[in-house]
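Please read them alongside the structure.

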Amino acid sequence: MTDRDPLLDPVLDPAAMRKQYRADGLAEEDLATHPMDQFTRWFEDAARAALHGTLYEPNAMVVSTADAQGRPSSRTVLMKQYDTDGFVFFTNYDSRKGRDLAENPHISLLFPWHPLARQVIVTGTARRTGRDETAAYFRTRPHGSQLGAWASAQSRVIASRTELDTAYAELAARYPEDERVPVPPHWGGFRVTPETIEFWQGRVNRLHDRLRYVARPDGTWKVERLSP
């Protein structure tokens, strides 16, 4: 369908879907000096909203990468650590995002906290974490998730669900609950070093507040206000 159907149920019509944001604004004087301190404030708000059931998985982020030819791809990934140096997530290095980042380290992260009328958008570069850091996190994963990291040839075409389930069952037999699962050599972390971090606060009449931290060469940050 190329033209919008006038008989389309308005409940299902994307053009009719809109929400009037009435959240408090975001002013420059309210920002933390360092963007990761500001992120901590907002992440804590998101985590509290999750405890109350109004937001699901506050550490979920949309990770966007591009290959050497500039062809983009996006997917939702769970952020597993953050500090003053940036953000960390873990994945299969042979997955599409892993292969993209091997060719092109530029990356974008988006935290979509819709119930709070907030977004955080990060741009920067990604590099692999050390194997000690990867192993330390791997040991915190549930046993089944550890086996899953071995069973899944992430992003590769497979013949059927049965193929995946069979691979998992074989691994479960080889590594029962009381058996230590080795860290897969093709699996590990990426640390994203931010170059910009934008804090987006929804406002009435689509006049949203958008404040962006931009890294300076000396390690400090400047703040820019963007038009919505």
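1. In this predicted model, helix 4 (residues 143-151) and helix 5 (residues 161-174) have axes that come within 9 Å and cross at roughly 125 degrees. Since angles over 145 degrees count as roughly antiparallel and those from 65 to 115 as roughly perpendicular, helix 4 is therefore oblique to helix 5. The crossing of the two helices is right-handed.

2. As for the residues that form this contact, helix 4 contributes Gly144, Leu147, Gly148, Trp150 and Ala151, which meet Leu164, Ala167, Tyr168, Leu171 and Ala172 of helix 5. Sorted by class, the contact between helix 4 and helix 5 comprises eight nonpolar and two polar residues, with no charged residues.

3. The largest pocket has a volume of about 310 Å³, and of the 16 residues that line this pocket, Phe90, Thr91, Arg141, Gln154 and Trp187 are the closest to its centre. Strand 2 (72-78), strand 4 (86-92) and helix 4 are the elements that each give two or more residues to the lining.

4. The class make-up of the lining of the largest pocket is six nonpolar, seven polar and three charged residues; the contact of helix 4 with helix 5, for its part, has no charged residues.

5. For the chain as a whole, the secondary structure comes to five helices and nine strands, and the elements run α-β-β-β-β-α-β-β-α-α-α-β-β-β from the N terminus on. Taken along the principal axes, the C-alpha atoms of the protein chain fill a box of roughly 60 × 55 × 40 Å.

Notes: Residues are numbered from 1 along each chain as its sequence is written. This is a predicted model: local features need pLDDT of at least 70, side-chain atom pairs count only at pLDDT 80 or more; totals for chains, interfaces and linings use all residues. Side-chain values use heavy atoms; hydrogens and water are left out. Axes are lines fitted to C-alpha atoms, for helices over the stretch in contact, and angles run from 0 to 180 degrees between N-to-C directions. Helices (H or I, at least four residues) and strands (E, at least two) are DSSP runs, numbered from the N terminus. Angles under 35 degrees count as roughly parallel, over 145 as roughly antiparallel, 65 to 115 as roughly perpendicular and the rest as oblique. A crossing is left-handed if the near helix is turned anticlockwise from the far one by less than a right angle, and right-handed if clockwise. Contact means heavy atoms within 4.5 Å. Ala, Val, Leu, Ile, Met, Phe, Trp, Tyr, Cys and Pro count as nonpolar, Asp, Glu, Lys and Arg as charged, and the others, Gly among them, as polar. On a 1 Å grid over the protein atoms alone, a cavity is a set of points where a 1.4 Å probe fits but cannot get out, and a pocket is an open set with protein on both sides within 12 Å along at least five of seven lines; lining residues have an atom within 4 Å of a point. Grid points are joined across faces, edges and corners, and a volume is the space filled by probe spheres set on the points.
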